[in-house]
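Here is a report for a reader who is meeting this structure for the first time.

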Amino acid sequence: MAAPRRAAVLGSPIAHSLSPVLHRAAYEELGLTGWTYDRFEVDEAALPGFFETLGAEWAGLSLTMPLKRAVIPLLDGISETAASVDAVNTVVLTQDGRRTGDNTDVPGMVAALREHGIDKVEAAAILGAGATASSALAALSRVCPGEIAVYVRSEARAAEMRQWAERLEVSVRIADWADAEQALHAPLVINTTPAGATDALARSVPERPTALFDVLYDPWPTVLAARWSAYGGAVVSGLDLLVHQAVLQVEQMTGRAPAPLDAMRKAGERALAAR
């Protein structure tokens, strides 16, 4: 019988996380009866101490805010993707003690888009410029060779996005949030803002919208996503992203591929419906 293995998601706040639901569904489908996946409330100050408690039974960690950058100094190395956005959401722990960081948000976004038939767009727009926006910019660097318009509320955020654009070698045009309704006419719109921030934009959705990727998943649908869908536009949800990035995490942590995408998605849908 194989030795028990552990994994978990860390962050603060963490009670809302769907990661345990998704990973446990994968373990059940893969027959990994000795695997467990938990959640722990851990902030930046507590993170080094948590790492000191990790034994050989630990296989991996998922990281959410505010730990994606804070974890990097605690690792033996990070992937090129994680380095490109200076953020780690996945840590793979080997039994010899090595800790390697990766970012599955970026390829998870690309996979979610491709699942909806979006392999390439000539231009795109990003709503917001927070932590998720840098991952969105990195994902777009793989599918959008043209200009990316980023709609921001402050010059500080604008400066940050210009830095990310230079680092990722993508063409970015910074625009004021007051003009955000113009973003809705782009071939692909990625909304990275908090719940409610785009509700007022819903009334400006064009009659024939193209594609919207709204990274929120609870509550769902957002006002913007509901209007977009009602007008016949393609909508990629935050659950799509969450599942695809979790699939990559499961594969890295367990060494089993492919991870059961459909089973994980259905488990997530059931959990959200029960909230």
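## Basis of the description

This is a predicted model, in which local features need pLDDT of at least 70 and side-chain atom pairs count only at pLDDT 80 or more, while totals for chains, interfaces and linings use all residues. Residues are numbered from 1 along each chain as its sequence is written, and side-chain values use heavy atoms, with hydrogens and water left out. Helices (H or I, at least four residues) and strands (E, at least two) are DSSP runs, numbered from the N terminus.

## The nonpolar cores

A nonpolar core is here a set of buried Ala, Val, Leu, Ile, Met, Phe, Trp, Tyr and Cys residues joined through side-chain atoms within 4.5 Å, where buried means under 20% relative accessible area, exposed means over 50%, and partly exposed lies in between (1.4 Å probe, protein chains only). The largest such core has 36 residues, of which Ile-126, Leu-137, Leu-140, Ile-148, Met-161, Leu-188 and Phe-213 touch the most other members. At least two residues of this core come from each of helices H4 (105-115), H5 (131-143) and H6 (155-168), and from each of strands E7 (124-127), E8 (148-152), E10 (188-191) and E11 (211-214). Helix H5 gives the largest share, seven residues.

Leu-188 shows how one member is surrounded: leaving out residues up to four places away in sequence, Leu-188 is in contact (heavy atoms within 4.5 Å) with residues that include Leu-113, Val-121, Leu-140, Thr-210 and Phe-213. Another core, of 23 residues, lies apart from the largest one, and among its members are Ile-14, Leu-30, Leu-239 and Leu-242.

## Helix H4 and its packing on H5

The buried residues of H4 are Asp-105, Val-106, Gly-108, Met-109, Val-110, Ala-112 and Leu-113, and they pack against helix H3 (80-85), H5, E10, E11, strand E12 (234-236) and H8. After H4 comes Gly-117, whose phi is positive, near 80°.

The axes of H4 and H5 come within 8 Å and cross at roughly 55°; such axes are lines fitted to C-alpha atoms, for helices over the stretch in contact, and the angles run from 0 to 180 degrees between N-to-C directions. H4 and H5 are therefore oblique to each other, since angles under 35 degrees count as roughly parallel, over 145 as roughly antiparallel, 65 to 115 as roughly perpendicular and the rest as oblique. The residues that make this contact include Val-106, Met-109 and Leu-113 of H4 and Ala-136, Ala-139 and Val-143 of H5.

## Helix H9 and its two partners

Helix H9 (261-273) packs with H8 (residues 238-254) at an angle of about 135°, with the axes 10 Å apart, and this makes H8 oblique to H9. Among the residues in the contact are Leu-239, Val-243 and Val-247 of H8 and Leu-261, Met-264 and Leu-272 of H9.

The axes of H9 and helix H1 (residues 19-30) come within 8 Å and cross at roughly 140°, which makes H1 oblique to H9 as well. This contact involves Val-21, Leu-22, Ala-25, Ala-26 and Glu-29 of H1, together with Ala-263, Met-264, Ala-267, Gly-268 and Ala-271 of H9.

A cis peptide bond, with omega about 0°, joins Ser-12 and Pro-13, and Pro-13 is in the loop between strand E1 (5-11) and H1. A cis peptide bond also joins Ala-257 and Pro-258, again with omega about 0°, and Pro-258 lies in the loop between H8 and H9.

Asp-86, although not a glycine, has a positive phi of about 55°; Asp-86 is in the loop between H3 and strand E5 (90-93) and is partly exposed, at a relative accessible area of 26%. Glu-169, also not a glycine, has a positive phi of about 60°; Glu-169 is in the loop between H6 and strand E9 (172-176) and is exposed, at 72%.

## Two individual residues

His-244 lies in H8 and counts as buried, with 10% relative accessibility. Beyond its neighbours within four places in sequence, His-244 is in contact with Gly-108, Ala-111, Ala-112, Glu-115, Leu-261 and Arg-265.

Arg-275 lies in the segment after H9 and is partly exposed, with a relative accessible area of 46%. Not counting residues up to four places away in sequence, Arg-275 touches His-16, Ser-17, Leu-18, Tyr-217 and Asp-218.
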